[in-house]
Structures are given as C-alpha cells and as structure tokens.
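Please read the following with the sequence and the model side by side. The text goes from single residues to the whole chain.

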Amino acid sequence: MTVAAVVLAAGKGTRMKSDIPKVIHPICGRPMVSHVVNSLRKAGVGRIIVVIGPDSEQIKATLGSDVEYVVQREQLGTGHAVMQTQATLKNHSGSLLVIHGDTPLYRAETLRELVSFHERSGGIGTVLTVTVDNPSGYGRIIRDADGKLERIVEERDATPEDAVVSEINSGTYVFECEPLFAKLGQIKPENVQNEYYLTDVVPIIGQEYSRVQIFHHRDAEEALGINNRVQLAEAEKVMRNRIREHWMLAGVTMIDPANTYIDAEAELEQDVVLLPFTFIEGHTQISAGSVIGPFARLKDAKLGKNVVISQATVLDSILEAGCLVGPYSHIRPGCHLGEGAKVGGFCEIKNTIIGSGSKVPHLTYLGDTDVGDKVNIGAGTITCNYDGHNKYRTIIQNEAFIGSNCNLVAPIEIGTGAYVAAGSTITGDIPPGALGVARNRQRNIPDWTKHRGSKRRSSKEGS
Ligand code: UD1
Ligand code: MG
C-alpha cells in the first residue's frame, strides 16, 4: 500500500515521572515505540516518520536508520507535532496513518483494516475509536444526530455531558495528506492546555469536505494509551498474555502460564517446556525438547535441543544440545557450553568456553577459561583470573582432571589429560599427562590425641 505513517513521540511524558523518554519504556522487553514501528511495518507501511523532541538520542538509538526523524523543537501539542512533518511529506500523495508512540498494542491486521476501510470510504479522514468501560484520560468522540463524527473533546475540556461518553479517540487516524496539511494551519491552541490539538482538525475537515469517518474497533485493549506506570503495567499484562498464547499454540508447554514471562523477541521451538517462575528475556532462542525452570532466568541466551536448566540464570551465552545447568548456578555473559556439557549446582561461569561432554558439577568459579572436551572439574575449583588490574585466561586441555578444591592462578595452561591433585594452588603450567601437586605433603603425628588429652588435664590442674 502507498501509505506513509507519522509516529508521534515528542511528548515529554511527564505523567510517567521518569528520566527516560516515555516511548522508550519497554513492554515485554521491547521499547514501546518499537512495538508501534513493528506493527506498522507488518501492516505494510513503507515510510515511517517519527516526530521526536530535541533531546531524543535514545529514541534514535533504539529505532536506528530504519525510520525517518522530524524534530519538534517545542512540544505544543499533537496537531503541532504533525505540522512539523509537512516538508518531509511534501511529495507524498497517498494516505497518511497517524499513530502515537505510546499506543503499543495495535495488531498489524487492525492497522491494515483501518487503512483499507479509509481507502474504500474515499473520505479525507478516518479516526479509529473504541468503546471502553472507563474513558478517563481519553478524548471523547462526539457524534452528531446522524451518528457521524462531529468533534473530539479532550477530557480536560469536556462538559459533564461530554465526559460520560464511553467511545474514545484512540489517537490513530488515516488522513489524505494534502487536505490535512491544508487545514492543520487553522487549528488554534484554545483549550485548557493551550496546545494545538490534532483532534481539532476533525470539525474543520468536516465543514470543508465531508465528515471524518469513524472506524469503530471491537477490541478496546489494542487502543490502550500509556501515560503513566499503571497503564504501562496494564499493557505489559496484555502483551505477555498474547505472547504466551502465541507460543502455546506453536507447541510450547507452560505448566503455569500466569507465572511464565516471555519477552517479545524470544524464539521458541515446539516441545519446549517452561516450568513456573521462568523468565525468557531479550532475544533468547530455545530449541526443541528443552526444559526450562522452575525459577530460571534466561537473557539473550541461545539453547540447542534438549537443554535442561533449573533454578539458574543464563545471560548472553550459547548452550549446545543436551547441556544441563543448575540448580543455583549463574552463567554470565560470553559463555559457550559444548554438546552435553554440565554446569551443576552453585557454580558461576563467566566468559568461558566449556567443551563437549565436560563437567563442572558443583561449587566452582570459572572466569575467562577455555575448557576442552571431556574435562572434569572437581568441586570447589576456582580460577584466579584477576590480579586487581588485569584479567587472564586459564586453559584446560581435553580430558584433563581437576581435583576438588583447587585454585588455578591465571595465566595458566593445564595440558591434555593432565591431573591436578585435590587441594592444590597451581601457579605454573602442567604438561600433558602430568600430575600437578601444589600442597604440603600430609604428616601424621602419632598418639597426638593422647598427648593432647594429658596436656589439657595438666593445664586444668594448674588453673
Ligand atoms: C491523545 C489525544 C486523545 C486520545 C489519546 C489516546 C490529542 C489532543 N489527544 O491524548 O484524544 O484519546 O491521545 O491515547 O491528540 N506528542 C508529541 N508532541 C506534542 C505532544 C504529544 O509528539 O507536542 C506525542 C506524545 O509523545 C504521545 C502522543 O503524541 O506519543 C500523544 O500525546 P499525549 O500527551 O500522550 O496525549 P494524550 O493525553 O494521551
Ligand atoms: Mg497518551
């Protein structure tokens, strides 16, 4: 379709009480405005122009060069914001979809239906409206005696009679470009907020051409506008439900969907099982047959088939097929676990590669480490990777065996098939096949308890 879209995102968002621009606040891990842009793209909109305020570097960093930007220097209202796009759109002849950056719940199909309704009607403008139980905060739709749209009244400017109307302006419209810009100049900031309201163009167009059409949408939830944190949480709830339903219908099992949290960017294969209190965040990808949870948090993680993670955190790491993680372990960013690797209970792993079939079963810290294949790391192994200034790598070659409770002081290399004796603090390389022992030899003191007993007695007698 030859439709361009204007996304209004320059507002201060004062009701959010935040240092972050309103439209950057995430919903299911994705910035609000990105949801809007995604739906527009899916609906087939070609050009997207985002109206931003003067200090909107964060919005630009989020949306990148995928969209065009127009700066609204002063926030003088939604009508004023649209006016700023006139020069950019001067060669655009088709329809113009106007949408707010703070309404992230529209489905692409809804936007497509809105545009095709508008184009079929042959009118100058169409407003998407919904009917809600509680219209407070929204502009009210005032219809004339024939049921046609007469005007839109903001809550702050509404008479008690207007205020009871439950049909509201969603803030999403389609206009014909030329007549819109021709008439926008006529709106005046004569209202409680002294702002140029886009909604005031409706009666002007109505008088000059024909009434602006109403596209009444049945699903009021989609039009939810976010002005404060309560509405932010409402939108989060709606979006989470949608995401869960999508994945369940795609073959993912959730024992307790209400306590399973999946971000918008996640990708799950069929026969993944998500147990309660599991958080799948960021761009996490989980392959078929994996079982995650309970109490697991994955962020930007990539999992092969049949991975099992329970009560663990996995951040920005890759786990190949058949890995086992947890309970109570923390896989920090930059890890890569080979096929069938195991990181068991109470371990922390950072920026570390673990080869296939290797095991780190309990109570271990591995930082900046390369572990080969089929290595066994004993309980209580610590890589000493930091000297207070720099980080160093530890290299543990294939089939090496690290005994329990060892310190490996990096930089260091443990050769193929080498052994480290339990309780050692290893400060130098161990050649392949060798045993590294770095602890005092055991000494037994015969009859020690007997002597200790007589010493105790004599000290008591002396006191
Ligand atoms: C607006 C509508 C209201 C509608 C509601 C739906 C107007 C006058 N009111 O009210 O009828 O029911 O949305 O959610 O249009 N913005 C700018 N520049 C500005 C002012 C706002 O870009 O100078 C942007 C904001 O970033 C926001 C959008 O426009 O994304 C709407 O502004 P907001 O202040 O949230 O308007 P509402 O009070 O929600
Ligand atoms: Mg709003």
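H35 sits in helix α1 (residues 32–42); helices here are DSSP runs of H or I with at least four residues, strands are runs of E with at least two, and both are numbered from the N terminus. With a relative accessible area of 4%, H35 counts as buried, where buried means under 20% relative accessible area, exposed over 50% and partly exposed in between, with a 1.4 Å probe and protein chains only. Apart from neighbours within four places in sequence, H35 is in contact with I27, R30, P104, M239 and A264; contact means heavy atoms within 4.5 Å.

The model is predicted: local features need pLDDT of at least 70, side-chain atom pairs count only at pLDDT 80 or more, and totals for chains, interfaces and linings use all residues. Residues are numbered from 1 along each chain as its sequence is written, chains are lettered from A and ligands numbered from 1 in the order in which they are written, and side-chain values use heavy atoms, with hydrogens and water left out.

Next comes the metal site. Which residues coordinate the magnesium ion (ligand 2)? D102 (OD) and N227 (OD1) do, at 2.2 to 2.3 Å. This pair links distant parts of the chain, 125 residues apart: D102 is in the loop between β6 (95–100) and α4 (108–121), and N227 is in the loop between β11 (213–216) and α8 (229–249). Donors are N, O and S atoms within 2.8 Å of the metal (3.2 Å for Na, K and Ca), and water is not among the atoms, so sites may look incomplete. D102 and N227 are both buried.

Helix α7 (residues 201–208) has V201, V202, I204, I205 and G206 as its buried residues.

Aromatic rings are another feature to look for. Rings of Phe, Tyr and Trp (its six-membered ring) pair if their centres lie within 6.5 Å; planes under 30 degrees apart count as stacked, over 60 as edge-to-face and the rest as tilted. By this rule there are six aromatic pairs. One of them joins Y173 and F175, whose ring centres are 5.5 Å apart and whose planes meet at 25°, so the pair is stacked. Both Y173 and F175 are buried. F401 and Y419 form a stacked pair too, at 5.0 Å centre to centre and 15° between the planes. Here the pair links distant parts of the chain, with F401 in strand β36 and Y419 in strand β39 (residues 419–420), 18 residues apart. F401 is partly exposed because its relative accessible area is 31%, and Y419 also counts as partly exposed, at 42% relative accessibility.

S404 lies in the loop between β36 (401–402) and β37 (407–409). Is S404 buried or partly exposed? Its relative accessible area is 36%, so S404 is partly exposed. Leaving aside neighbours within four places in sequence, S404 is in contact with G378, A379, A422 and G423. S404 and S424 are 20 residues apart along the chain, with 8.6 Å between their C-alpha atoms.

Some backbone details follow. The peptide bond from G293 to P294 is cis, with omega near 0°, and P294 is in the loop between β18 (291–292) and β19 (296–299). The bond from A410 to P411 is cis as well, with omega near 0°; P411 is in the loop between β37 and β38 (412–414). Q311 is not a glycine, yet has a positive phi of about 40°. Q311 is found in the loop between β21 (308–309) and β22 (312–315). Y328, also a residue other than glycine, has a positive phi near 60°, and its place is in the loop between β24 (324–325) and β25 (329–331).

Last, the whole chain. The protein chain has nine helices and 41 strands. Its domain assignment, which comes from an automatic or database source, gives domain 1 (4–223) and domain 2 (312–436). The centres of domain 1 and domain 2, taken over C-alpha atoms, are 55 Å apart. Buried residues make up 48% of the 463 residues.
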